[in-house]
Amino acid sequence: MINCSFVETTRDAAAPRSGLLGQVIYGGHAQRGAVLERLQGIPSLRLPMDRAQAEGFTEIWRVDGTVHEGGDEELLYAHDGEFLFCAGIIPPAPRYADATRELYLRAFDLVERLGYPTIFRIWNFIGGINADNADGLENYRDFCRGRAEAFEAGQSRLHGMPAATGIGMAGAGAAFYLLACRSGAAAHIENTRQVPAWQYPTQYGPRPPSFARASTLQGSSDQASRMLFVSGTASILGHETVHPDDIDGQCRVAIDNIAHLISRENLALHGVATAHALRELDFIKVYYRHGRDLASIRAACCHAFRPDAQIRYIETDICRADLLVEIEALVP
Ligand code: 3HB
């Protein structure tokens with residue numbers, strides 16, 4: 001099985017080491033971009049994420065099996081025979097599409113070569129996400145172009161397009177990490193309240209974002225229960241942002257979108273015969289654009305989610321300039 005935990009970041013976190021597949025340090029104020037390194041042999045991605053907090057937290061992915069790791073400066077990975085963690089980093093550049101396509105394709109090659117064909121969750125981080133690249137195209141749209149090209153080229157050997165998050169980070173460049181499995185089956189879920197992101201019209205960029213609204217994971221050799229990964233979810237109905245200047249309205253729509261996404265009615269459309277409720281969600285990350293909105297966002301999340309759910313609030317930019325908040329979560 002695979003499981004997630006959030007721990008407060010201490011210097012070189014991550015003890016005990018056994019069963020550790022990968023760790024992602026959602027860090028503090030670092031001005032440089034993301035850093036990919038092995039810490040005590042564990043693939044570790046440091047993200048300069050949160051404008052507001054000097055101390056960050058670390059997301060840890062743990063498995064039961066014996067972990068083997070490998071990689072290079074651009075791509076580090078670890079795997080245990082059933083699950084694979086892979087993290088990649090794209091250095092600052094005038095434009096991102098080509099480098100994104102190439103690194104994504106390297107990751108797709110890796111999962112195929114090592115025998116983990118089902119990617120069930122991806123997280124993407126883009127520096128200056130709403131700023132323009134050297135050609136005047138927004139960095140996020142530029143990133144989406146390269147990623148869409150990679151998914152198109154990799155389509156025949158991938159088991160669908162999984163849940164994802166695509167969010168800002170401090171500094172420049174881009175980074176991603178993903179989880180894949182060998183024998184588990186993933187179902188990729190859309191939300192009837194929203195147009196699938198991969199069908200967005202070109203007003204949002206030359207190529208649409210490549211992700212599903214959620215992915216479930218079931219039937220890994222040693223994991224009977226089904227995990228559900230909720231993608232970054234915002235105040236979007238159809239394909240349009242709603243309540244552009246209203247944080248309470250955006251929180252309400254984002255949370256309602258998640259509630260519907262995980263409902264029996266919506267999951268059944270994808271052949272998943274379970275129902276989930278907001279109170280089952282854990283390992284929730286709430287990304288918000290403006291510090292002034294944090295109190296309202298906390299109030300909405302405390303009302304919606306279980307009191308003992310792990311929730312982390314991260315101040316950063318969001319993929320559309322008019323979005324103020326985005327929420328991702330997990331049914332463990
Ligand atoms: C993405 O581009 O992967 C993405 C962006 C979002 C939410 C979820 C995924 O704003």
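1. Let's start with a term you will need for the rings: two rings of Phe, Tyr or Trp (its six-membered ring) pair if their centres lie within 6.5 Å, and such a pair is stacked when the planes are under 30 degrees apart, edge-to-face when they are over 60 degrees apart, and tilted for the rest. Ring pairs link Phe6, Tyr26, Phe57, Trp61, Phe83, Phe85, Phe120, Trp123, Phe125, Tyr177, Phe229 and Phe283 into a cluster. The count of aromatic pairs comes to 17.

2. A word on the model before going further. This is a predicted model, in which local features need pLDDT of at least 70 and side-chain atom pairs count only at pLDDT 80 or more, while totals for chains, interfaces and linings use all residues. Residues are numbered from 1 along each chain as its sequence is written, and side-chain values use heavy atoms, with hydrogens and water left out. The protein chain has an average pLDDT (the predictor's confidence in each residue, from 0 to 100) of 94, and 94% of the residues score at least 70. For the complex, the predictor gives an ipTM of 0.98 and a pTM of 0.97.

3. Phe6 and Phe283 form an edge-to-face aromatic pair, 5.2 Å from centre to centre and with 80° between the planes. This pair links distant parts of the chain: Phe6 belongs to strand 1 (residues 2–8) and Phe283 to strand 17 (residues 282–288), 277 residues apart. Strands here are DSSP runs of E with at least two residues, helices are runs of H or I with at least four, and both are numbered from the N terminus. Phe6 counts as buried at 7% relative accessibility, and Phe283 is buried with a relative accessible area of 14%. Buried means under 20% relative accessible area, exposed means over 50%, and partly exposed is in between (1.4 Å probe, protein chains only).

4. Here is another pair from the cluster. Phe83 and Phe120 are also edge-to-face, at 6.1 Å centre to centre and 80° between the planes. Phe83 lies in strand 8 (residues 83–90) and Phe120 in strand 9 (residues 118–127), so the pair ties together parts that are 37 residues apart in sequence. Phe83 is buried at 0% relative accessibility, and Phe120 is buried at 0% as well.

5. Now for the nonpolar cores. A nonpolar core is a set of buried Ala, Val, Leu, Ile, Met, Phe, Trp, Tyr and Cys residues joined through side-chain atoms within 4.5 Å. The largest one has 76 residues, and Tyr26, Leu47, Trp61, Leu84, Tyr177 and Leu178 touch the most other members. A second, separate core of 32 residues includes Leu261, Leu267, Val272 and Ala304. Leaving aside neighbours within four places in sequence, Leu47 is in contact (heavy atoms within 4.5 Å) with Val24, Ile25, Tyr26, Gly27, Ala34, Phe125, Met169 and Ala175.

6. Charges come next. A salt bridge is a side-chain nitrogen of Lys or Arg within 4 Å of a carboxyl oxygen of Asp or Glu, and the whole structure holds 19 salt bridges. Arg46 and Glu37 make one of them, at 2.6 Å from N to O; Arg46 is partly exposed at 28%, and Glu37 is partly exposed at 22%. Arg101 and Asp98 form another, at 3.3 Å, and both lie in helix 1 (residues 97–114), 3 residues apart, about one turn of the helix.

7. Which parts does the salt bridge between Glu112 and Arg157 tie together? Their side chains meet at 3.0 Å, N to O. Glu112 lies in helix 1 and Arg157 in the loop between helix 2 (139–154) and strand 10 (163–169), so the pair ties together parts that are 45 residues apart in sequence.

8. Please look at Arg121 too. Together with Glu59, Lys285 and Glu328, Arg121 is linked in a network of salt bridges. Its charged end sits over the ring of Trp123, 4.2 Å from the ring centre; the rule asks for NZ of Lys or CZ of Arg within 6 Å of the ring centre and within 35 degrees of the ring normal.

9. Finally, a backbone point. Gln40 has a positive phi of about 50° although it is not a glycine, and it is found in the loop between strand 3 (35–39) and strand 4 (42–47).
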